[in-house]
Amino acid sequence: MKDRQDSIYKGFFSIVTPIVIQYLMSSMVGASDAFVLKLSVLGVAFIFTLDEFVKIPAVYIHYMKFRWVKNITRS
């Protein structure tokens with residue numbers, strides 16, 4: 001039961017994080033900057049790289065919970 005919960009948690013984390021951060025936030029902000037604010041290509045590229053910095057707290061919290069570690073020495 002514990003393995004199933006861990007695999008569901010890993011799957012949820014690996015699916016939801018990119019969807020929320022990359023597709024919803026970065027795409028909308030990048031598109032609005034490109035078409036509404038008329039930023040240069042370099043400015044829009046900078047906006048798209050900011051999503052990596054936004055993901056750092058979520059990934060760090062996930063890492064520090066150590067739920068991703070699986071004991072491979074005992075089956």
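Here, buried means under 20% relative accessible area, exposed means over 50%, and partly exposed is anything in between (1.4 Å probe, protein chains only). By that scale Val20 is partly exposed, with a relative accessible area of 41%. This is a predicted model, so to read it: local features need pLDDT of at least 70, side-chain atom pairs count only at pLDDT 80 or more, and totals for chains, interfaces and linings use all residues. Residues are numbered from 1 along each chain as its sequence is written, and side-chain values use heavy atoms, with hydrogens and water left out.

**The chain as a whole**

- You'll find 2 helices and 0 strands in the chain; helices (H or I, at least four residues) and strands (E, at least two) are DSSP runs, numbered from the N terminus.
- Of the chain's 75 residues, 19% count as buried.
- Take the contacts (heavy atoms within 4.5 Å) with a separation of 6 or more: residues 24 or more positions apart account for 63% of them.

- Helix H1 covers residues 2-35, and Val20 sits in it.
- Val20 also belongs to a nonpolar surface patch with Ile15, Ile19, Tyr23 and Leu24, which together have about 490 Å² of accessible area.
- For a patch, residues need over 30% relative accessible area and no salt bridge; like charges are joined within 9 Å, and nonpolar side chains (Val, Leu, Ile, Met, Phe, Trp, Tyr) within 5 Å.
- A salt bridge, in turn, is a side-chain nitrogen of Lys or Arg within 4 Å of a carboxyl oxygen of Asp or Glu.

**Where H1 residues pair up with later ones**

- Thr17 is another H1 residue, and it is buried, at 14% relative accessible area.
- Leaving out neighbours within four places in sequence, Thr17 is in contact with Gln22 and Lys55; the C-alpha atoms of Thr17 and Lys55 are 7.7 Å apart, though 38 residues separate them along the chain.
- Gln22, also in H1, is partly exposed at 25%.
- Not counting residues up to four places away, Gln22 touches Thr17, Ser27, Asp51, Glu52 and Lys55.
- From Gln22 to Thr49, 27 residues along, the C-alpha separation is 9.7 Å.

**The loop between the helices**

- Lys38 has its place in the loop between H1 and H2, and at 64% relative accessibility it counts as exposed.
- Lys38 isn't a glycine, yet it has a positive phi of about 55°.

**Helix H2 and what follows**

- H2 (residues 41-65) has 25 residues and reaches 38 Å from first C-alpha to last, close to the 36 Å expected at 1.5 Å a residue; the expected span is 1.5 Å times one less than the number of residues.
- At Ile56, shortly before the proline Pro57, H2 has a kink of about 35°, where the bend is the angle between axes fitted to the seven residues ending there and the seven starting there.
- The buried residues of H2 are Gly43, Val44, Ile47, Asp51, Lys55 and His62.
- Just after H2, Phe66 takes a positive phi of about 55°.

How values were computed: Accessible areas come from the Shrake-Rupley method with a 1.4 Å probe; for residues, only the protein chains shown count as cover.
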